[in-house]
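Trainee: I should like to learn how to read the features of a structure such as this one. Could we begin with its open spaces and then turn to the rest?

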Amino acid sequence: MIPRKAIAAAEAGASSAGAAPQEPVQDRLLDAALTCFRRMGGKRTRIEDIAAEAGLARTAIYRYYPNKRAIIAALATRWLAADEARLADIARDSGRSPAARLQAFLLADAENTRHYLADPCLVEVLDEVMRNIAVVMRQHRSHVRRHLAGLLAEGREAGAFRVGAADAQALAIDDLMASFHAPQLAAMFDRDSWRARAETAVDMILRAVRSR
């Protein structure tokens with residue numbers, strides 16, 4: 001059973017993705033938590049360990065995070081917000097055609113999953129989020145779909161994409177690409193195989209949404 005405070009903290013953190021930078025103390029705590037997770041593993045790390053690494057009293061942590069799960073949610077939210085910012089830049093790149101942006105957007109979204117595989121600590125944290133703090137991932141995918149819908153609407157207005165409800169199209173595309181958003185599946189393939197599969201899927205989507 002996930003504590004209500006942890007869920008609330010996760011929701012607050014996820015919904016603020018892309019907002020103003022966190023307070024220095026919060027960044028300090030998250031950096032300390034990541035250091036501890038890398039050294040001891042997420043399960044063995046205690047709140048006391050994070051406090052000591054940050055040079056703070058244990059009670060100071062509770063001003064910001066009610067428990068370790070809330071810290072994990074905040075860490076994941078910080079990483080995912082950076083992913084969202086990169087995708088937003090692609091979606092807004094007016095120097096490229098809507099089709100080129102859509103292709104780059106979807107491939108970058110797929111590649112975002114793979115870059116976590118280089119660090120076992122990040123994989124452990126994201127696995128905990130996906131299993132027990134799903135609200136963080138739901139909020140992340142909602143933010144990604146918002147950028148995707150804006151890109152689809154722009155392409156429709158330019159005559160590059162088929163007429164249709166951009167929000168519904170974004171949801172359908174996100175569903176079709178869902179297997180590329182799972183770290184466990186990404187770990188089953190080498191980078192070249194993963195890229196080839198993603199390119200094939202994205203090519204099919206582009207052919208489906210382009211105007212005739």
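This is a predicted model: local features need pLDDT of at least 70, side-chain atom pairs count only at pLDDT 80 or more; totals for chains, interfaces and linings use all residues.

Trainee: Which residues line the second largest pocket?

Mentor: A residue belongs to a lining if it has an atom within 4 Å of a point of the pocket. Here the lining consists of Gly42, Lys43, Lys68, Arg69, Ile72, Glu124, Val125, Asp127, Glu128 and Arg131. Two elements, H5 and H7, each give two or more residues to this lining.

Trainee: Which element gives the most to that lining?

Mentor: That element is H7, with five residues.

Trainee: How many cavities of 30 Å³ or more does the structure hold?

Mentor: A cavity differs from a pocket in that a probe fits inside but cannot get out. The structure holds two cavities of 30 Å³ or more, and the largest cavity contains about 130 Å³ of space. Its lining comprises 13 residues, of which Leu80, Thr113, Met137, His140 and His181 are the closest to its centre. Two or more lining residues come from each of H5, helix H6 (98-115), helix H7 (120-132) and helix H8 (134-157).

Trainee: What span should helix H5 have, and how far apart are its end C-alpha atoms?

Mentor: The expected span is 1.5 Å times one less than the number of residues. Helix H5 covers residues 68-91, and its 24 residues should therefore span 34 Å; the end C-alpha atoms lie 35 Å apart, in agreement with that expectation.

Trainee: Why is H5 described as largely enclosed by the rest of the structure?

Mentor: Buried means under 20% relative accessible area. Because 17 of the 24 residues of H5 are buried, the helix is largely enclosed by the rest of the structure.

Trainee: What is found at the start of H5?

Mentor: There, a side-chain oxygen of asparagine 67 comes to within 3.2 Å of the backbone nitrogen of arginine 69.

Trainee: What does the secondary structure of the whole protein chain come to?

Mentor: The protein chain has 11 helices and zero strands. Of its 212 residues, 45% count as buried.

Trainee: How should I read the contacts and the surface?

Mentor: For contacts, consider the separation along the sequence. Among contacts in the protein chain with a separation of 6 or more, 71% are between residues 24 or more positions apart. As for the surface, the accessible area of the protein chain is about 10800 Å², and carbon and sulfur atoms account for 55% of it.

Definitions and conventions
Residues are numbered from 1 along each chain as its sequence is written. Side-chain values use heavy atoms; hydrogens and water are left out. Helices (H or I, at least four residues) and strands (E, at least two) are DSSP runs, numbered from the N terminus. Buried means under 20% relative accessible area, exposed over 50%, partly exposed in between (1.4 Å probe, protein chains only). A polar contact is a pair of N or O atoms within 3.5 Å; within protein, one must be able to donate a hydrogen and the other to accept it, and residues adjacent in sequence count only if both atoms are side-chain atoms. Contact means heavy atoms within 4.5 Å. Accessible areas come from the Shrake-Rupley method with a 1.4 Å probe; for residues, only the protein chains shown count as cover. On a 1 Å grid over the protein atoms alone, a cavity is a set of points where a 1.4 Å probe fits but cannot get out, and a pocket is an open set with protein on both sides within 12 Å along at least five of seven lines; lining residues have an atom within 4 Å of a point. Grid points are joined across faces, edges and corners, and a volume is the space filled by probe spheres set on the points.
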